[in-house]
Amino acid sequence: MTDSTIIKLTAAQTAAKIASGELTAVEVAEAHLARIEAVDEKVHAFLHLDREGALAQARAVDEKRARGEKLGPLAGVPLALKDIFTTEGVPTTVGSKILEGWIPPYDATLTKRLKAADVVILGKTNMDEFAMGSSTENSAYGPTGNPWDLTRIPGGSGGGSSAALAAFEAPLAIGTDTGGSIRQPAAVTGTVGVKPTYGAVSRYGMVAFSSSLDQGGPCARTVLDAALLHEVIAGHDPLDSTSIDAPVPPVVEAARNGSVQGMRVGVVQQFRGEGYQAGVIQRFDESVELLRELGAEIVELDCPSFDLALSAYYLIAPSECSSNLARFDGLRYGLRAGDDGEHSAEEVTSLTREAGFGPEVKRRIMLGTYALSSGYYDAYYGSAQKVRTLITRDFEKAFEQVDVIVSPTTPTTAFAIGERADDPMAMYLADLCTIPTNLAGNAAMSLPCGLAPEDNLPVGLQIIAPALKDDRLYKVGAAVEAAFVEKWGHPLLEEAPSL
């Protein structure tokens, strides 16, 4: 098989060919490394490429197979890892100058699980600094381009991971989702991204932004591939105090048996209106009609507290960020500025943060510190947590009436790089549909539902399920995906321009 054929395979197809001996894991790794070298100068999906490590992992898979050992369902499949998870011996920067050159002494639990499953980690992907952003423009190492149009954003904060998938640099990727940073990049790049139930995937070794919201999850080009990766990374971890001690839902089985027959699907009236691109609403309405044709019952829902979600999120997330990022003081690890013997420890910390943090991180630290300050805590942070409770209750009431909820993933298609750089509020609106799920801790998926007629760019359909019912995402997602592929005659990414 040629390299151009290998990189177009799904993760499931790749694993099957490696297991049968039709391909070696080294051949697969080399094909993807060659693709990265050919196109990543334009895309800039990767911050660090671990060529030697990837080929060593691939050789180990081939040796396993030669010994007759059974291979796992993703053995030998390449993956792009968001640069927020620690990787022993490989740089972890979180897209920030403050951790430039930092080599972690340990693997995150998620990294360990990937290695244990013989997934081949190609390298670390670009991201908004400390996962704060919706466009990957806030990376200290420069923006990533959207493979559909390199002048547009690939979403954020995990734009590097989504771009790597859309550019066929890897069949699998890992993202993290605090307010939509897996789903929104998936939507604007025509890929699949899943935010599992909060606590389903370990946060141990994931650099913290907002601890009550952060959640790692799978990114892929198909629903089945996402399910296979989900099964590898999920599960209880005693090293994470927020990890759920419960069995992983049967996500792979659900992805292999997609159906919405007899299911009740909710449509929330708050997820449309002013600010939504006409083409996005058009494709969403077509998706709802498709669900009806596939045998689902459509139920209209009213969740009034969802209108307050964005405001609550931008008090809770910055507050937790200001607390979490206090550890970057220039004294323990990472960048240190002004340590010339003439500055005090406090001055060194101040100079380090001034040099190491970018504008968006500083903005959120200041917002959060103010919201938590004496005299303002109850008015801001306390009120936001009350709104969070109202949002959770709205979800609970909704899920008494329906099995899943659907919405557009993001109000618009990918916007131009630089278009919203000077308007934080416009940037924050990109997460309008995704934030309520994070505040409630539910599970959600984004998958492609077509191209917007105005600009011929991908539109994402969001599916939301109750906590610990992640399998419903895959059951509905697989059914919708199959119906769309049949309608289009091919996967959506085949329409992406050639890089």
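The legends below describe close-up views of a predicted model. Residues are numbered from 1 along each chain as its sequence is written, and side-chain values use heavy atoms, with hydrogens and water left out. Because the model is predicted, local features need pLDDT of at least 70 and side-chain atom pairs count only at pLDDT 80 or more, whereas totals for chains, interfaces and linings use all residues.

**View 1**
Lys82 belongs to strand β2 (residues 78–82), while Ser157 is found in the loop between β3 (120–125) and α6 (159–166); helices (H or I, at least four residues) and strands (E, at least two) are DSSP runs, numbered from the N terminus. Lys82 is buried, with a relative accessible area of 0%, and Ser157 is likewise buried, with a relative accessible area of 0%, where buried means under 20% relative accessible area, exposed over 50% and partly exposed in between (1.4 Å probe, protein chains only). Leaving aside neighbours within four places in sequence, Lys82 is in contact with residues including Lys124, Thr125, Ser157, Gly158, Ile174, Gly175 and Ser181, contact meaning heavy atoms within 4.5 Å. Ser157, with residues up to four places away in sequence not counted, touches Lys82 and Ser181 as well as Asn126, Met127, Asp128, Ala131, Met132, Gly133 and Thr136.

**View 1. Packing of helix α5 against helix α8.**
Two packed helices are described by the angle between their axes and the distance between the axes. Helix α5 (residues 109–116) and helix α8 (residues 223–233) pack at an angle of about 115°, and their axes are 8 Å apart; axes are lines fitted to C-alpha atoms, for helices over the stretch in contact, and angles run from 0 to 180 degrees between N-to-C directions. The helices α5 and α8 are therefore roughly perpendicular to each other, given that angles under 35 degrees count as roughly parallel, over 145 as roughly antiparallel, 65 to 115 as roughly perpendicular and the rest as oblique. Leu110, Arg113 and Leu114 of α5 make the contact with Leu229, Val232 and Ile233 of α8. By class, the residues of this contact divide into 5 nonpolar, no polar and 1 charged, where Ala, Val, Leu, Ile, Met, Phe, Trp, Tyr, Cys and Pro count as nonpolar, Asp, Glu, Lys and Arg as charged, and the others, Gly among them, as polar.

**View 2. Helix α8 and the loop that contains Ile244.**
Of the 11 residues of α8, 9 are buried, so α8 is largely enclosed by the rest of the structure; among the buried residues are Val223, Asp225, His230 and Ile233. Just after α8, Gly235 takes a positive phi of about 125°. Ile244 is placed in the loop between α8 and α9 (251–256) and is partly exposed, with a relative accessible area of 23%. The C-alpha atoms of Ile244 and Leu468 are separated by 9.3 Å, although these residues are 224 residues apart along the chain. Not counting residues up to four places away in sequence, Ile244 touches Thr197, Tyr198, Gly199, Ala200, His236 and Leu468.

**View 3. Selected salt bridges and the setting of Arg363.**
A search of the whole structure finds 18 salt bridges, each a side-chain nitrogen of Lys or Arg within 4 Å of a carboxyl oxygen of Asp or Glu. Glu69 forms one with Arg67, with the closest N and O atoms 2.7 Å apart; Glu69 counts as partly exposed at 36% relative accessibility, whereas Arg67 is exposed, with a relative accessible area of 54%. The side chains of Asp177 and Arg183 meet in a salt bridge at 2.9 Å, N to O, and both Asp177 and Arg183 are buried. Glu360, Arg363 and Arg364 are linked in a network of salt bridges. Arg363 lies in helix α13 (residues 359–371), is partly exposed, with a relative accessible area of 31%, and touches Pro424 and Tyr428, not counting residues up to four places away in sequence.
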